[in-house]
Amino acid sequence: MSEKESFRCKLVTYDEIVEWTRDLAKKIRACDCKPTVIIGLTRGGWVPARLLCDLLGVKKLYAVKTEHWGVTANPDGKALLTQELNARIDDEEVLLVDDITDTGESMSIAKAHLQDMRPGVLKTAALLHITRSTFVPDFYSVEVPADGWTWFIFPWNRNEDLRTLLPKTLYEEKGEADIQKAFREQFQIDVPLEDIRTTLEDLEAAGTVTRAGEKWTRA
Ligand code: ADP
C-alpha cells in the first residue's frame, strides 16, 4: 500500500469565474485605469483575460507563457518564460492577467519581461491571490489566506486536474463509488460519478490505471 496524499481542493464553477472577473473589472474601472492592451498569462490567464476584454472594451488581447520545469529540466525548479510577447506595447496601457498568484513567480517573470518592452503603464490582475505569494497583483478579486491554501480546480482545467488527482485516491485498489468517497476524504471535493468514469477511461487509455473487474488500481 502506498502513501495517502491529502490537501484541500475546490471545484470552481464558471459562474464563480464570471462573478470574480466582474468584480475585478469593477476594481479596475474604479481606479480610473483604462487598459488599451490585455495580456493573458497562459494557460491559466487566458479565459479571465478574454472576459476582461469584453467587460472593459479592450480589443488588443495578447499572450505570454510561463512554465514550471520541475527539478529534472531546471535545477533550481523555477518558472521560466517560454513564450515571449510577439507584439509591440510601447506607450500602451497594459494589463497582465492570470488566474491566481500562489508563489507569484510566474507573474514576476512575465511582468519583468513586459517592463523591458517599455509599455506606457503596466498593471497586473489575478482572480485569486494567496497571501503567501511574493508577488501582489495591483488588482485581485478574492484574497485567500496562506493558511487557507487550496488547489483551485478551474473549470478550464477540470479534466486535467482530475486526471492528476484520481491516481492519488488509488493508494489501494478501489471501485468507482469508493474513488468518489476518497475524493471527499482526501481532497474535500464532490466529484460526480460520471466525471470519475470519464477520468478512469482517459487514465486507462494512457496506461496510468488498470481495471480488474469492478476494481481499479494504478498501473
Ligand atoms: P508558480 O510560478 O510557482 O507555478 P504561480 O503562483 O506563479 O506559481 O502560479 C502559476 C500557475 O499555476 C497559475 O497561473 C495557475 O494556473 C497554477 N496554480 C498555481 N497555484 C495554484 C492553486 N493553488 N490552484 C490552482 N492553480 C494554481
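Trainee: Why is C53 called buried in this predicted model?

Mentor: The relative accessible area of C53 is 4%. Buried means under 20%, so C53 counts as buried.

Trainee: How do you know that C53 is too far from the closest cysteine sulfur for a bond?

Mentor: The closest cysteine sulfur to that of C53 lies in C33, 15 Å away. A disulfide requires sulfur atoms within 2.5 Å, and therefore the distance is too far for a bond.

Trainee: What makes C31 and C33 a disulfide?

Mentor: Their sulfur atoms are 2.4 Å apart, and the cut-off is within 2.5 Å. The structure holds one disulfide.

Trainee: Why is the disulfide of C31 and C33 called left-handed?

Mentor: The torsion about its S-S bond is about -85°, so the disulfide is left-handed.

Trainee: Why is C31 described as partly exposed, and why does C33 count as buried?

Mentor: C31 has 35% relative accessibility. That value falls between the limits of 20% and 50%, so C31 is partly exposed. C33, at 16%, falls under 20% and therefore counts as buried.

Trainee: What makes E160 and R43 a salt bridge?

Mentor: Their closest N and O atoms are 2.9 Å apart, and the rule asks for a distance within 4 Å. Across the interface of domain 1 and domain 2, one salt bridge is found.

Trainee: How large is the area buried between domain 1 and domain 2, and which atoms give 67% of it?

Mentor: The buried area is about 690 Å², with carbon and sulfur atoms giving 67%. On the side of domain 1, Y14, R43 and W151 supply 51% of the area buried against domain 2.

Note on methods:
Residues numbered from 1 in each chain as written. Predicted model: local features only at pLDDT ≥ 70, side-chain atom pairs only at ≥ 80, totals over all residues. Heavy atoms only, no water. Buried < 20%, exposed > 50% of the residue type's maximum accessible area, 1.4 Å probe, protein only. Buried area = accessible area lost by both parts, 1.4 Å probe. Salt bridge = Lys/Arg side-chain N within 4 Å of Asp/Glu carboxyl O.
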